[in-house]
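Hi,

Here is the structure I promised to pass on. Have a look first, and my notes follow below.

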Amino acid sequence: MNQRRLEIESNLVEVEKRITKALEGTGRERDEVTLIVVTKTYPVEDVFLLYDLGVRNFGENRDQEGAAKAPQLPNDASWHFQGQIQGRKISSINEWSDVIHSLDSLDHAAKFARLEELSSEKAREFFLQINLESAAEHRGGIAKEELESFLESCPVTISGLMVVAPLEVDPYSAFSTLSALASDVGVTKLSMGMSGDFEVALKAGATHIRVGSSILGSRTLLA
Ligand SMILES: *Cc1c(COP(=O)(O)O)cnc(C)c1O
């Protein structure tokens, strides 16, 4: 028996239980939520195990890592890029990713749009990252005040909003703010919630949750 497989499998079962429980009373079904397993820093062997266990959505933060892993998986795997985007990496990110969660620049959007024109592939899906942190910190994302003007000039279709809950505020209130912003501007998808707060995010309407350490273990212990 493969010990690692058993470990990942039981963690997945546990996370699925937590998802089901969090959705109770929300009127939403499990199939309305996409679980993205964040595989950053973990070896591709773990991704193979996840795939074998039925996972099809994988999240990565760095172009180099995603570009190395994605081509090794079958075509029905979806790759979600959720890290800070660097302009010079866009054509590479565009090669291997299916969904971008961390768009936060019109310049970058224009680059993706140009690549979309050049290729006949399926359209990529974009989430616009919103930053709800105080100004001193910055982990990527645009301020909520910039949302409407961004959407007015954005050359690619934005299908959802993404946030990382700021440390200084109650996550439920951050997620509810994102949900309200999305309905204000008429986008329906919400990428929010990680290992520590995905239940709260689901209560607030998350359609996409990005879960790493609850399934693969603590990244800090690997170093
Ligand atoms: C690493 C990361 C996650 C997953 O975090 P865990 O706490 O390991 O679940 C989700 N979203 C983003 C943007 C991340 O960088």
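Which residues are closest to the ligand? Lys-40, Asn-61, Ser-195, Gly-212 and Arg-219 are, out of 13 residues that surround the ligand (a residue counts if one of its heavy atoms lies within 4 Å of the ligand).

Before the details, a word on the source: this is a predicted model, where local features need pLDDT of at least 70 and side-chain atom pairs count only at pLDDT 80 or more, while totals for chains, interfaces and linings use all residues. Residues are numbered from 1 along each chain as its sequence is written, and side-chain values use heavy atoms, with hydrogens and water left out.

A side-chain N or O atom of Lys-40 sits 2.7 Å from a ligand oxygen, and for Asn-61 a polar side-chain atom is 2.8 Å from a ligand oxygen.

The axes (lines fitted to C-alpha atoms over the stretch in contact) of H1, residues 3-23, and H2, residues 44-52, come within 10 Å and cross at roughly 55°. The contact (heavy atoms within 4.5 Å) involves Arg-4, Arg-5, Ile-8 and Leu-12 from H1, and Asp-46, Leu-49, Leu-50 and Asp-52 from H2.

Cheers

Key: Axes fitted to C-alpha atoms, helices over the stretch in contact; angles between N-to-C directions. Helix = DSSP H or I, 4+ residues; strand = E, 2+ residues; numbered from the N terminus. Polar contact = N/O pair within 3.5 Å; in protein donor to acceptor, adjacent residues only side chain to side chain.
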